[in-house]
Amino acid sequence: ASAMATPHPLSRSAFASIRRVSRDQALDMAEREATATGWAKKSDAWFYGEVGFDAMAHALSRVKPKRKETFLDLGSGTGNAVMAAALTQPFEVCRGVERLSSLHEIALQSLASYESDTKRVIRSLQAEAGEDVASAETWPFHVPKVELVHGDLLRESMEGVDVVYSFATCFGRELFNAMAWQLEALRPGARVLLVSKSLVSPSFELVGCVGLQQTHTEAAVDCYIYHKRY
């Protein structure tokens with residue numbers, strides 16, 4: 001097993017500057033769009049929840065991400081989990097897929113900030129970094145590519161994906177079962193982090209559960225961690 005990557009001390013402040021809206025603002029946007037499109041009458045899956053930066057970084061560190069690996073957030077909202085992954089882990093690609101256009105637009109704004117802020121931070125650190133740059137595994141010296149997709153999470157391919165995360169608290173049975181079936185296509189050795197939901201499948205082994213602090217309340221949510229056996 002590879003050693004755990006250590007986030008750069010500036011990653012937290014970079015995340016704060018990238019983040020565009022609060023959780024409550026995002027929830028309001030999601031509710032308005034889901035109501036306008038009629039989705040709110042059929043499902044609660046639009047309900048927006050998020051965990052904090054430190055909690056997300058901690059959860060991801062539990063699955064020991066490595067260079068060349070790909071992270072995928074199913075239902076990525078405003079992109080916060082994707083950005084936390086990119087800023088704290090040695091992934092090659094961090095991807096998110098979100099159905100609601102209002103949240104996806106906010107995520108695109110965060111992506112623009114991620115790219116511009118990273119360049120600015122690198123310029124300011126290059127002079128003082130010295131020999132550490134070559135071996136650095138995390139941002140800002142290793143910069144994961146961030147991809148944000150506007151679309152249906154159930155249409156997202158699992159090919160080449162190593163770590164999947166989903167804040168699945170309000171996913172109904174039909175949606176969650178469809179997503180669970182989708183996850184069966186992951187390669188052996190892949191890891192899955194699910195908030196509030198459990199997988200029941202012989203091909204997945206439950207390897208841990210961590211309580212994650214949410215951004216809008218003192219209440220923590222359970223995040224179940226799975227390893228794909230075969």
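Me: Two strands pair if DSSP finds at least two bridges between them, and strands are DSSP runs of E with at least two residues, numbered from the N terminus, as are helices (H or I, at least four residues). Which residue stands opposite arginine 95 in strand 2?

Reply: Strands of a sheet pair through backbone hydrogen bonds, either parallel or antiparallel. Here, leucine 72 stands opposite arginine 95 in strand 2. Strand 1 (residues 70–74) and strand 2 (residues 93–98) run parallel, joined by 5 bridges. Do keep in mind that this is a predicted model, where local features need pLDDT of at least 70, side-chain atom pairs count only at pLDDT 80 or more, and totals for chains, interfaces and linings use all residues. Residues are numbered from 1 along each chain as its sequence is written, and side-chain values use heavy atoms, with hydrogens and water left out.

Me: In what order do the strands form the open sheet?

Reply: The order is 3-2-1-4-5-7-6, with 7 strands and mixed pairing. Strand 3 (145–150) and strand 6 (204–213) each have a single partner strand at the edges, so one side of each is left without a neighbour in the sheet. Direction ignored, neighbouring strands are turned by 15° against each other on average. For such angles, axes are lines fitted to C-alpha atoms, for helices over the stretch in contact, and angles run from 0 to 180 degrees between N-to-C directions.

Me: Which helix packs on the sheet?

Reply: Helix 4 does, touching strand 1, strand 4, strand 5 (191–195) and strand 6, where contact means heavy atoms within 4.5 Å. The direction of helix 4 makes about 160° with that of strand 6.

Me: How do strand 6 and strand 7 run?

Reply: They run antiparallel, and 9 bridges join strand 6 to strand 7 (residues 220–228). A hairpin joins the two through 6 residues. Valine 210 stands opposite cysteine 223 in strand 7.

Me: How many aromatic pairs does the count come to?

Reply: Rings of Phe, Tyr and Trp (its six-membered ring) pair if their centres lie within 6.5 Å; planes under 30 degrees apart count as stacked, over 60 as edge-to-face and the rest as tilted. By this rule there are 3 aromatic pairs. One of them joins phenylalanine 15 and phenylalanine 53, with ring centres 4.9 Å apart and planes at 35°, so this pair is tilted. The pair links distant parts of the chain, with phenylalanine 15 in helix 1 (residues 11–18) and phenylalanine 53 in helix 4, 38 residues apart.
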